[in-house]
Amino acid sequence: EQVLALKELALEDAKRSNIEMELVQTIRNFGAYDGAGNFSKMELLAMGAGHRVTFLHRIFNRAMPGVLHRLKSIALKADAEGQWGITAHGVGPPALKVRNVEFIEYNTTQ
């Protein structure tokens, strides 16, 4: 339920910010259907050949700060356990940023 609310929040944020909807929500096709024939993205989606993606990273930080904090903690723990040395280069919690968060709705044929 919270994830669906994030999707709606991202779409509302895009409208409010005058961001082109295709930059926030799009349809992607991979593999055999990538560039297939003369079908539109919507036709491919209707055939079950793709998925709809809504980008959530613009609203994720403010909408789910607890999840973001937890992800940062996990990343720092993995850095310490894996001895990757990321924190040795001055990268800590304030510098860790979310680059991309996607809500993906996979489609299947009816």
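**Salt bridges first**

Look at Lys7 and Glu105: their side chains meet in a salt bridge, 3.1 Å from N to O. A salt bridge here is a side-chain nitrogen of Lys or Arg within 4 Å of a carboxyl oxygen of Asp or Glu. Lys7 sits in helix 1 (residues 2-16) and Glu105 in strand 3 (residues 102-106), so the pair ties together parts that are 98 residues apart in sequence. Helices (H or I, at least four residues) and strands (E, at least two) are DSSP runs, numbered from the N terminus.

Before going further, the ground rules. This is a predicted model: local features need pLDDT of at least 70, side-chain atom pairs count only at pLDDT 80 or more, and totals for chains, interfaces and linings use all residues. Residues are numbered from 1 along each chain as its sequence is written, and side-chain values use heavy atoms, with hydrogens and water left out.

Is Lys7 buried or exposed? Lys7 is buried, with a relative accessible area of 13%. The cut-offs: buried means under 20% relative accessible area, exposed over 50%, partly exposed in between, with a 1.4 Å probe and protein chains only.

Next, Asp13. Its side chain meets that of Arg58 in a salt bridge, 2.8 Å from N to O. Asp13 lies in helix 1 and Arg58 in helix 3 (residues 57-63), so this pair ties together parts 45 residues apart in sequence. Asp13 also forms a salt bridge with Arg62, at 3.2 Å, N to O. That pair too links distant parts of the chain: Asp13 in helix 1 and Arg62 in helix 3 are 49 residues apart. Asp13 is buried, with a relative accessible area of 5%. Arg58 is partly exposed, at 46%. Which residues make up the network of salt bridges here? Asp13, Arg16, Arg58 and Arg62 are linked in it.

Now helix 4, residues 65-82, where Ile74 is placed. Helix 4 has 18 residues and reaches 25 Å from its first C-alpha to its last. That is close to the expected 26 Å at 1.5 Å a residue; the expected span is 1.5 Å times one less than the number of residues. After helix 4 comes Gln83, with a positive phi near 50°.

Val67, Leu71 and Ile74 form a nonpolar surface patch, with about 240 Å² of accessible area together. Patch residues have over 30% relative accessible area and no salt bridge; like charges are joined within 9 Å, nonpolar side chains (Val, Leu, Ile, Met, Phe, Trp, Tyr) within 5 Å. Areas come from the Shrake-Rupley method with a 1.4 Å probe; for residues, only the protein chains shown count as cover. Ile74 itself is partly exposed, at 47%. In general, an α-helix has 3.6 residues a turn, so residues three or four places apart point the same way.

Thr26 is in strand 1 (residues 25-28) and is buried, at 17%. Thr26 and Arg52 are 26 residues apart in sequence, yet 5.7 Å apart in space, C-alpha to C-alpha. Leaving aside neighbours within four places, Thr26 is in contact (heavy atoms within 4.5 Å) with Lys41, His51, Arg52, Val53 and Phe55.

Overall, the chain has four helices and three strands, in the order α-β-α-β-α-α-β. Of its 110 residues, 27% are buried.
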